[in-house]
Amino acid sequence: MASVLPSSSTNPSASSVNSFLSAAEREAIKAATFQRLHPRIYLERFLEEKIRPDGRPTAENIEDPNAWRNVEVNVGSITTAPGSALVRIGKTTVVCGIKAEICEPELDNPDEGFLVPNVDLPALCSPKFKPGPPTEEAQVLSERLNEVLGNGMLSLSSLCICSGKSAWVLYVDATVINYDGNVFDATLLAMVCALKNVSLPHADFDPELHRTVCTRSETDPSKPARKLAIQEDLVPLAFSFGVFAGSHLLPDPTASEETLLDTYISVILDAHAQVLSVSQLGAGVDNYEALDQGVNNLPSSREADTLARCISLAKKRQAVLIKKVYNTST
Amino acid sequence: MSPNVTLSFDSLSRVDASARFGFGSCPQYLTSISGPIEVRLAAEQPSQATIEVHVRPLTNVPGTESKTVAVILKEAIQMEVIVEANPRTLIQFVVQALVPTPKVTDELVAAMINCCTLSLLNAGSIPMRGVICAVSVARVSSVNGEESMYKIQPVEEHPSRIQATGCFAFLFSDSYSSNTYSSSCVWTSWRSLHPGSLKAVEESELARARDAAQKPAREVWERMKSLVEEGERVKRKETWIKDASHSTEAKKMDVGEEDVNMEI
């Protein structure tokens, strides 16, 4: 295919603007224009050279830790909230704050508190979100996170202050500041780190006055603040993958890659690298040719291969990441 | 391990097609489909049809759980419908629960997927590249806790013996030879119910669970095919009876053979 990009010498209108830019900047503008006009071909050309648009290697070199973006975690930065965390995966940035309030427990479960996760995708994080009610994506994210966090990591009975009378409700609010793909992993990590960072004041329920009294640790040292009772074994970490054109496995997809994927795979591991849940939406790698050939047994082994590959990639990445997450959030 | 399913075509009058499906003896979901119909400008796509899925529980307004399931259904339907055939149109699904669903389990999601497929077959106006059938599988430990088996539709099992559950959806599509129908798994969801124990999910398990799900999914597909054949046979018979009453010399047509050879 001949070059589709006009050279600056033949395009008189471009030359007046480009005279202020260096050659490298001109090339960058051409590439950005091409990406806007033909996003699929842009990605295909990169993947042919075994590299992804942001410079990461494709999953051919599976052992390469650079296949994943850099993860930065910062906890406790919001002083007005009992727990908070800021997580950055590449350019995707999520900030999570936890507010603790007192409420009456449900009649059916008098010994349990509440954990209410919520994700907000405001218009500032990406041009694809407009101001208004939560989009479908925000709702799906909130529901998926609710499912993962409710898996037993935090014992809800530890949030009870007085059975049937008073309990803590933790509002876990995550806001995405910059959307560059793989928001689920980043948000889960932010919520988990924020939960580990939470420090609840000592609370007593006065049955005569029917109210709960909280004491600051500075005023009464005999009633210290306490951390949440989190089961370290069950702390989840999520790893997302995408499959492009049925043949390229892309771990940790960026926003531009996400729109072009035909298969999404999500693997959630606990602290001991055991699989908590796996989901694959779409056919696996190398599946389309199998449909043409009509071979009966081959497709199932290929899907199993893709998922098995993803699980082992996730386990390797988790070994690297768990140290970083634990070091910064205690 | 043949699944016990209830399936039927429904006759809602204002939509293009409808169907009911349920695992067990009563239908769990009623799905209606309208399409290809007019699409609103914001949702229009220039080169393919837009697919919208609305999931409605039996009680209450649809919440985030319904939204999540609707997204899964939309992705699954996108794989079986040839969306490039009708650009700038809308194919709208409404999935109504007929039983109370306090929590959307894997079995209910499988029933929803099958119900959508069944309504697509009833419509006939939407080109499809295959048929997607789904079943739910659970890994159940035996009574002494030593072995574990894979069972489908484990509602009757004791909850504490279920170690992990999941749902698998397969796309069945005709290939060159009419005897073998290739199938590929288009949706997998598997999670362990007792995290932290030694019996957590391993990679090889997924392959075994998927193999256990393939045959029951194929049987669901066979049931769907026989339901369509039945419908066609009744229609042909009615036409024959009408023709016979009009003409004095009615030639007897062998209707049965045609249906059996009809490809779906």
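Over residues 69–201 of chain A, the chain is 22% helix and 37% strand. The UniProt record, in an unreviewed entry, lists residues 69–201 of chain A as "domain: Exoribonuclease phosphorolytic". The model described here is predicted.

**Packing of helices α2 and α3**

- Two packed helices are described by the angle between their axes and the distance between the axes.
- Helix α2 of chain A covers residues 23–37, and helix α3 of chain A covers residues 39–48.
- The two helices pack at an angle of about 120 degrees, and their axes are 5 Å apart.
- On the side of α2(A), the contact is made by Ala31(A), Phe34(A), Gln35(A), Arg36(A) and Leu37(A).
- On the side of α3(A), Pro39(A), Ile41(A), Tyr42(A) and Arg45(A) take part.
- Sorted by class, the contact of α2(A) with α3(A) has six nonpolar, one polar and two charged residues.

- Ser166(A) lies in strand β6 of chain A, which covers residues 166–178.
- Ser166(A) has a relative accessible area of 1%; a residue counts as buried under 20%, and Ser166(A) is therefore buried.
- Leaving aside residues up to four places away in sequence, Ser166(A) touches Ile102(A), Cys103(A), Pro105(A), Cys160(A), Ile161(A), Phe205(A) and Thr212(A).
- Ser166(A) and Glu112(A) are 54 residues apart along the chain, and their C-alpha atoms are separated by 9.4 Å.

How values were computed. Residues are numbered from 1 along each chain as its sequence is written. Chains are lettered from A and ligands numbered from 1 in the order in which they are written. This is a predicted model: local features need pLDDT of at least 70, side-chain atom pairs count only at pLDDT 80 or more; totals for chains, interfaces and linings use all residues. Side-chain values use heavy atoms; hydrogens and water are left out. Axes are lines fitted to C-alpha atoms, for helices over the stretch in contact, and angles run from 0 to 180 degrees between N-to-C directions. Helices (H or I, at least four residues) and strands (E, at least two) are DSSP runs, numbered from the N terminus. Contact means heavy atoms within 4.5 Å. Ala, Val, Leu, Ile, Met, Phe, Trp, Tyr, Cys and Pro count as nonpolar, Asp, Glu, Lys and Arg as charged, and the others, Gly among them, as polar. UniProt positions are given in the numbering used here, feature names are shortened, and annotations may be inferred rather than shown by experiment. Buried means under 20% relative accessible area, exposed over 50%, partly exposed in between (1.4 Å probe, protein chains only).
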